[in-house]
Protein chains: 2
Amino acid sequence: MALLSPAETQVGPSAVLSVPATLVRGGTSKCWIFRAEDLPADAGEAERLLIRTFGSPDLRQIDGVGGASSTTSKAIVVDGTDASGTVHYRFAQIGIEEAAVEWASNCGNCATALGLYAIHSGLVQASAEVTRVPILNTVTGLRLVCEIPTPDARVPLYGGRRLDGQHYPGVPVDVIFQKGSWSSYGQEYPTGSAIDEIELDGHRYPATLIDAGAPAALFDARSLGLTANEDAAELGSLVQLAPRLRAAAARKMNLPAGLSSVPKVGIVGAPPHGSTGVAARMISMSALHPAIGLTSAVAIAAASGAAGSVVSQRAIGNGGDPSLMIHLLKGTAAVALDALAPSEVSFKRSARVISEGTILVPRD
Amino acid sequence: MALLSPAETQVGPSAVLSVPATLVRGGTSKCWIFRAEDLPADAGEAERLLIRTFGSPDLRQIDGVGGASSTTSKAIVVDGTDASGTVHYRFAQIGIEEAAVEWASNCGNCATALGLYAIHSGLVQASAEVTRVPILNTVTGLRLVCEIPTPDARVPLYGGRRLDGQHYPGVPVDVIFQKGSWSSYGQEYPTGSAIDEIELDGHRYPATLIDAGAPAALFDARSLGLTANEDAAELGSLVQLAPRLRAAAARKMNLPAGLSSVPKVGIVGAPPHGSTGVAARMISMSALHPAIGLTSAVAIAAASGAAGSVVSQRAIGNGGDPSLMIHLLKGTAAVALDALAPSEVSFKRSARVISEGTILVPRD
């Protein structure tokens, strides 16, 4: 243990807020969940409070509840439920070394955590068998439903679902996207077709331009001389090309200008020999994604049900079983579909309430 | 956000314990503090519960409250106070990838956190001006006193002491070691002398063998052809020699056999040109310490008051000011002494109560 050098400064006294909060694991993230009414009404003040709560800016977040990594520096602010019973929330990725909060992204792990929290906190009443928790990220517009087994309408504190790569199990949470609400901008196929062509430098690249989970441009790997089974080293030129493919697709999809994160860009090809489903490689911003985001997986799964899409052209079926394996750079994602042409796409996840109490937050 | 592959196992239902706990920053660590009465009475069960609470074994401690680093995977178990008002506790370093707890070490940061917690929790009543909190680690025998300003006997939630390298300030906590209780094995100078010689391979190395804070063997840097101002690259041969110097010193100090962590071994020399105090380089286990442990700093400070010790021989005074600067590989430690021949050695630290509540712990 290191001693510190002697210099110290005196800072004047200050108010300390006591803020109720609950720490919930969702998937492979930890998320601190707050109620909007427990935070300052002013948005800027609330943001400053969240930053201080996590101990940022500090590489180690030593004076707060942050876990000093991107998957443990996350918060959800719950605004309440609307007349239809949908939980309204905002997701906050808290900066670590930066005193900043990113509100414009989605986090499937935290959405999973929120599903369990909603029942645990009484925000949503548990049903007799399975409780449905519809949630809406009011910043991004993402809607999904969490389904959690609640036998005898009891709130689950513990569950037996353990997924690959996790040491401890948790409460089963099925995360479900529905056709009626999975488009961010209103139209599932903004061009009206499940297959389009993107023109760039005189080449024509076949692509499915879909708005499901998130807007996505899914390119046929073959048209780029690839198979979508490549390793990272083999995809360097694709990563370089991706920003221009994204920009061209955004124009064709009539997306608002200036968004750098949508559409999601990826290539799709036939699965590895002997496997079913599809192979995919996703590029987020200007880097290869080792796996796939939840919302991009929805896009691929939704497109798998559309005749002529690059996904349905390449996918190998599994004898009528309406589930889709997406083979990725690292691992495989399993997506459950309600039908071969799905109106519901769902993911098996788990969550656990780790801790609940109050956080003391100085108003420096 | 990555999806997980589909394999999942079902694990049977299990009890979930609700365990009260408080998260306190002390110095540059975060420490979860528990009461012994809230943990299982059986020592093995309590240890398993602590491991599960932190989410270990897991590199990321994602299903628990651990922070996935050595300075954020620490706990204190408070046993209570004795008739003299001393708080009895045990310090637990929780393994991260290993399902293991190390009880035999000291942590000055967590001792600092405990001082503040004792007042905050009502374990010790706040006094009118400054509250003294004597604490005893019942595993290691380490005793020290935390002094915390409590004007009007109010419990401080916030304080203005910010030390170098810390972004946020905290409640001032002075950590004080006292001559009457700073020896682990009863005798401050086990050989009866402030200066000894350690014989090894025909060489004689002058050393001060002292038991203050922790048993320590402080070698004269010059006898090893060094100055104690060297950088890491220049100290390779010392690091190699240190285990045998430690073993020889342990025999001379009549310490119990089989301890690999004591005596602490270091070299002492004159401070950098123009500075006061001493230079020191400490070797913990078989690696160079970038700074110095609190207990080793006590040993150097105590020895600075003894005529003939290697510390008092090399130290440059500061005009009668009874404080000692220890110049280290990385930074400088400032130690306050009550007199040139100290009966009290103290350190300025800070602490803050971050969160309090309950942790839900499955009994897998």
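Between which helix and which strand of chain B does the loop with Thr72(B) lie? Thr72(B) belongs to the loop between helix H1 (43-54) and strand S4 (74-81) of chain B; helices (H or I, at least four residues) and strands (E, at least two) are DSSP runs, numbered from the N terminus. This is a predicted model, in which local features need pLDDT of at least 70, side-chain atom pairs count only at pLDDT 80 or more, and totals for chains, interfaces and linings use all residues. Residues are numbered from 1 along each chain as its sequence is written, chains are lettered from A and ligands numbered from 1 in the order in which they are written, and side-chain values use heavy atoms, without hydrogens and water.

Thr72(B) has a relative accessible area of 9% and is therefore buried (under 20%, with a 1.4 Å probe and protein chains only). Leaving aside neighbours within four places in sequence, Thr72(B) is in contact with residues including Phe54(B) and, from the other chain, Ile62(A); contact means heavy atoms within 4.5 Å.

The meeting of the two chains takes 71 residues from chain B and 71 residues from chain A. Across this interface there are 4 salt bridges (a side-chain nitrogen of Lys or Arg within 4 Å of a carboxyl oxygen of Asp or Glu). Arg352(B) forms a salt bridge with Asp63(A), with the closest N and O atoms 2.7 Å apart. On the side of chain B that touches chain A, S19(B) gives the most, with 13 residues.

Strand S19 (residues 344-362) of chain A and S19(B) run antiparallel and are joined by 5 bridges; strands pair if DSSP finds at least two bridges between them. Within S19(B), Ile359(B) is the bridge partner of Ser355(A).

Note on methods:
Buried < 20%, exposed > 50% of the residue type's maximum accessible area, 1.4 Å probe, protein only.
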